[in-house]
Amino acid sequence: MIISVASGKGGTGKTTIATNLALSLKNCQYVDCDVEEPNGYIFLRPQIQESKTVYLPVPHVHLEKCSFCGKCAEFCQFNALAVAKENILIFPELCHGCGGCMVICPNSAITEENRSIGVVEKGKASHLEFVQGKLNIGEPMATPVVRAVKDEIDEEKIAILDASPGTGCPVIETISGSDYCLLITEPTPFGLYDLQLAVEVMRNLRIPFGIIVNRWGEGDSQLEDYCLKENIPILLKIPFSRDIAMLYSKGIPLVQAHPHWKANFLKLFEGIEERLGEATHHH
Ligand code: SF4
Ligand code: SF4
């Protein structure tokens with residue numbers, strides 16, 4: 001089963017939920033898909049056992065075969081190629097590695113070469129299997145690294161996917177194919193606005209989802225009114241507390257400091273299972 005953990009905006013405690021849920025389950029895999037800023041490792045302190053480089057193919061033009069016809073540049077919708085009089089400029093950071101220019105070239109003047117854009121790391125954190133992706137600094141192409149991280153999902157396990165904040169391409173890439181998505185939010189007007197965007201994405205992708213409210217008790221009732229009106233389940237509320245904030249700042253998982261929280265996360269998981277069971281039953 002794949003459960004992804006997302007949030008409309010950063011700083012809502014997404015990693016707290018993802019890591020604590022993973023720590024509360026047996027036979028689980030924690031998969032950090034927030035490749036621009038993975039931070040699950042801070043709480044899980046894994047031992048990395050394996051590391052794989054992620055490559056993206058980029059075109060290499062053999063000028064001696066090129067007639068400078070311009071077809072490759074015309075084809076590339078990302079403007080990663082520009083044809084000058086007797087030269088071709090390639091902008092690797094813009095290239096999505098689709099291979100189209102290579103196919104379209106009438107003179108077979110283009111071959112592919114690999115460009116390293118990040119790394120996938122695998123390891124163990126006590127009983128947990130740990131996977132994370134890291135995008136190279138300054139590298140704009142996050143999605144292929146997310147894809148490489150998702151290749152490591154073990155279907156025999158419960159995979160908890162920690163998405164990037166927001167609703168951009170890397171998030172869509174992370175959550176698509178999930179059985180369920182947890183949306184983490186805060187009970188503030190800003191939190192609600194970003195949540196509404198995330199809800200729209202979930203509905204477009206047709207992924208069943210529920211809400212977890214972090215720092216509950218801080219804001220007003222707007223969030224709860226919204227969820228009631230939209231018929232969105234609130235699955236768990238984590239109260240605002242200095243103690244929880246302090247644990248977070250020290251990189252200590254909540255369930256490790258307060259084992260009784262495990263029961264709450266287990267109940268959360270059982271609730272998801274039940275909802276999914278009902279969903280299959282109805283179809
Ligand atoms: S399509 Fe091929 S031949 Fe034409 S400009 Fe591009 S590389 Fe050169
Ligand atoms: S591989 Fe695709 S994205 Fe990259 S330069 Fe060629 S056409 Fe453009």
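1. Start with the ligand. Ligand 1 sits in the second largest cavity. Keep in mind that this is a predicted model.

2. Which residues come nearest to ligand 1? They are Cys-66, Cys-69, Gly-70, Cys-72 and Cys-105, out of 13 residues around the ligand. By class, the shell around ligand 1 holds nine nonpolar residues, three polar ones and one charged one.

3. The largest pocket has a volume of about 520 Å³. Its lining counts 31 residues. Closest to the centre of this pocket are Thr-12, Gly-13, Lys-14, Thr-16 and Tyr-248.

4. Which elements give two or more residues to the lining of the largest pocket? Look for α1 (14-24), β10 (209-216), β11 (234-239) and α9 (242-249). The largest share comes from α1, with five residues.

5. The largest pocket is lined by twelve nonpolar, 13 polar and six charged residues.

6. The second largest pocket holds about 300 Å³ of space. It has 13 lining residues. Nearest the centre of this pocket lie Tyr-180, Ile-207, Pro-208, Phe-209 and Pro-233.

7. What gives the most to the lining of the second largest pocket? Helix α11, residues 261-282, does, with three residues. By class, this lining has eight nonpolar residues, one polar residue and four charged residues.

Technical notes. Residues numbered from 1 in each chain as written. Chains lettered and ligands numbered in written order. Predicted model: local features only at pLDDT ≥ 70, side-chain atom pairs only at ≥ 80, totals over all residues. Heavy atoms only, no water. Near = heavy atom within 4 Å. 1 Å grid on protein atoms, 1.4 Å probe; cavity = no way out; pocket = protein on both sides within 12 Å on 5 of 7 lines; lining within 4 Å. Sits in = over half its atoms within 2 Å of the grid points. Nonpolar A, V, L, I, M, F, W, Y, C, P; charged D, E, K, R; others polar. Points joined across faces, edges and corners; volume = space filled by probe spheres on them. Helix = DSSP H or I, 4+ residues; strand = E, 2+ residues; numbered from the N terminus.
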